[in-house]
2 protein chains.
Amino acid sequence: VAPKVHIGPQVDPAIERAVRDGGGAAAALEAADAVVWLDWRTDGFPERLPDGVRWVQLPSAGVEIWLPRIGADGPVYTSAAGVYAVPVAEHALGLLLAGVRGLVASARATSWRPDPRRTLEGSTVAIVGAGGIGRALIEMLAPHDVEIVAVTRRGRPVAGAARTLAADALPDVWSQADHFVIAAPATGATRHLVGAEQLRAMPAHGWLVNVARGSLIGTDALVSALHAGEIGGAALDVTDPEPLPDGHPLWTAPNALITPHIANPPSAMMRHLAERVRENVRRFAAGEPLLAPIDPDAGY
Amino acid sequence: VAPKVHIGPQVDPAIERAVRDGGGAAAALEAADAVVWLDWRTDGFPERLPDGVRWVQLPSAGVEIWLPRIGADGPVYTSAAGVYAVPVAEHALGLLLAGVRGLVASARATSWRPDPRRTLEGSTVAIVGAGGIGRALIEMLAPHDVEIVAVTRRGRPVAGAARTLAADALPDVWSQADHFVIAAPATGATRHLVGAEQLRAMPAHGWLVNVARGSLIGTDALVSALHAGEIGGAALDVTDPEPLPDGHPLWTAPNALITPHIANPPSAMMRHLAERVRENVRRFAAGEPLLAPIDPDAGY
């Protein structure tokens, strides 16, 4: 029997097709075995799910705002972890190149001033977090002559990285690379992973890229480090607070590039999410383990 | 016998070492068999070379300003074609991502406005000119999900390109790709390769990247196209005129990103040139054909 899948809060044609292609049938919430939720925000999510719902697919890769809703004995929740890895890694590469290549200053220039710039070629890039985004970025960096240092929780070797450090060796990494890409989940353990001390340890030409969550970087410390010229610059798709309010000092800090959380733009989102929905509906129908089940204790 | 190689107008330690490693010996101009010239400009170059000089290595990949000096019966001149392919291709990729990912607008923003943006993923990129730079860029694009259309003089298939067009099919390419990277040499045949008609044929979201020479694009036509919103934007490392004077309308045209001819920054230049000098000195000493001899008729 085809599992009954409710799509909310609104229907999307690509997701409807994916449910069908995975072997499911669209259904009202009351009759549903599973829910595919398409809104990033928690507001409109049903206060109480019908007892028949055994699985909820969330649309986002980072799920920290959803954790309070996920109980031990309720349905299985799955995140979209890994789903948007390619567009987000692509954005991270764009931010990294924009920083290293001096494009931020150029975008603001109205005069021809050939100033000394660096190349990404020949540099060492540390990638903090080697989940889907980190691994996709490592693949994108493969044709570039860069040395990659990956940082993962347990330090298991990551394909394409020259070396991998475990999280407890993280304090060493800041002086061992030229540039840093933050792509780790937001958890209690990663909050303010980058603060004043870490920024001081980075080389003065180093760029810091964040495509994870704003909370991983101490914003005040970053603003100070940018003004002091302690690092080359910061390119951030995520900020703390977010949205970054008008007049916030990050907007005008030297060598700061802010993009408004669009590493995974809407044009790419539904296409990628649809693939995951199809596969997870197929697994749900077949009784196989779902992709990216959320572990509320780990926080992702 | 080690060939005598004069390095001018000033000595560089990396180039001196390369001459030695290639089997040559440093020499004064009067005694030289060969000259390695390190200045981009023609001004300081000897008006008349001693008769003993049989080979001149120039430092630049594009040599249009040197052509008047290259006679049929003088020494062989070699360019640095291909030498800086990697740093220049890296810059081209940075410009392309900056354009497609909306980083130009973001660098100028002081307010959080999540606007619709595109991804490079899923797009078609036309690369006009598949010499060293074009081929290096194709390698860098390999891990990205993009379709590559290469345009070469004769249309011979280029590795990594989904299809290759010959120069005489160029008029078709402007409507067949999302984005365009100009990486062809500046010759009489490529002057104003991109003009009003070509810009009109490009998609309204298309970005135009130029890392070749400013003369390949009609500047007035480009400024008009940017103001009319006929293309997504233009990211240019080279301009016409160059340097771009203060107050030039390109500085303030919508979605224009100008970098001051620094795709191959000084920090990368000597390192890459040294490799070529070593190899060409070795070939010169062994009587083998030199890399990148200039054909004055072809213009490169």
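## Report on a two-chain predicted model

Leaving aside neighbours within four places in sequence, Phe284(B) is in contact with Pro3(B), Asp33(B), Ala34(B), Arg54(B), Trp55(B) and Leu290(B). The model described here is predicted. Phe284(B) belongs to helix α9 of chain B, which spans residues 266-286. Its relative accessible area is 14%, and a residue under 20% counts as buried, so Phe284(B) is buried. Between the C-alpha atoms of Phe284(B) and Glu16(B) there is a separation of 16 Å, the two residues being 268 places apart along the chain.

Helix α1 of chain B (residues 13-21) meets α9(B) at an angle of about 20°, and the two axes are 7 Å apart. Because angles under 35 degrees count as roughly parallel, α1(B) is roughly parallel to α9(B). Their crossing is right-handed. On the side of α1(B), the contact is made by Ala14(B), Ile15(B), Ala18(B), Val19(B) and Asp21(B); on the side of α9(B), by Met270(B), Leu273(B), Ala274(B), Val277(B), Arg278(B) and Val281(B). Sorted by class, the residues of this contact are nine nonpolar, no polar and two charged.

In chain A, helix α1 (residues 13-21) packs on helix α9 (residues 266-286). This makes α1(A) roughly parallel to α9(A), and the crossing of these helices is right-handed. Ala14(A), Ile15(A), Ala18(A), Val19(A) and Asp21(A) of α1(A) meet Met270(A), Leu273(A), Ala274(A), Val277(A), Arg278(A) and Val281(A) of α9(A). By class, this contact has nine nonpolar, no polar and two charged residues.

| Helix pair | Angle | Distance between axes |
|---|---|---|
| α1(A) and α9(A) | about 20° | 7 Å |
| α1(B) and α9(B) | about 20° | 7 Å |

Another helix of chain B, α7, covers residues 219-228, and its buried residues are Thr219(B), Ala221(B), Leu222(B), Val223(B), Ala225(B) and Leu226(B). Among the elements of chain B that cover these buried residues are α6 (196-201), β10 (207-210), β11 (233-236), α8 (249-252) and β12 (256-258). After α7(B) comes Gly229(B), with a positive phi near 70°.

The relation between the chains remains to be described.

How values were computed. Residues are numbered from 1 along each chain as its sequence is written. Chains are lettered from A and ligands numbered from 1 in the order in which they are written. This is a predicted model: local features need pLDDT of at least 70, side-chain atom pairs count only at pLDDT 80 or more; totals for chains, interfaces and linings use all residues. Side-chain values use heavy atoms; hydrogens and water are left out. Buried means under 20% relative accessible area, exposed over 50%, partly exposed in between (1.4 Å probe, protein chains only). Helices (H or I, at least four residues) and strands (E, at least two) are DSSP runs, numbered from the N terminus. Contact means heavy atoms within 4.5 Å. Axes are lines fitted to C-alpha atoms, for helices over the stretch in contact, and angles run from 0 to 180 degrees between N-to-C directions. Angles under 35 degrees count as roughly parallel, over 145 as roughly antiparallel, 65 to 115 as roughly perpendicular and the rest as oblique. A crossing is left-handed if the near helix is turned anticlockwise from the far one by less than a right angle, and right-handed if clockwise. Ala, Val, Leu, Ile, Met, Phe, Trp, Tyr, Cys and Pro count as nonpolar, Asp, Glu, Lys and Arg as charged, and the others, Gly among them, as polar.
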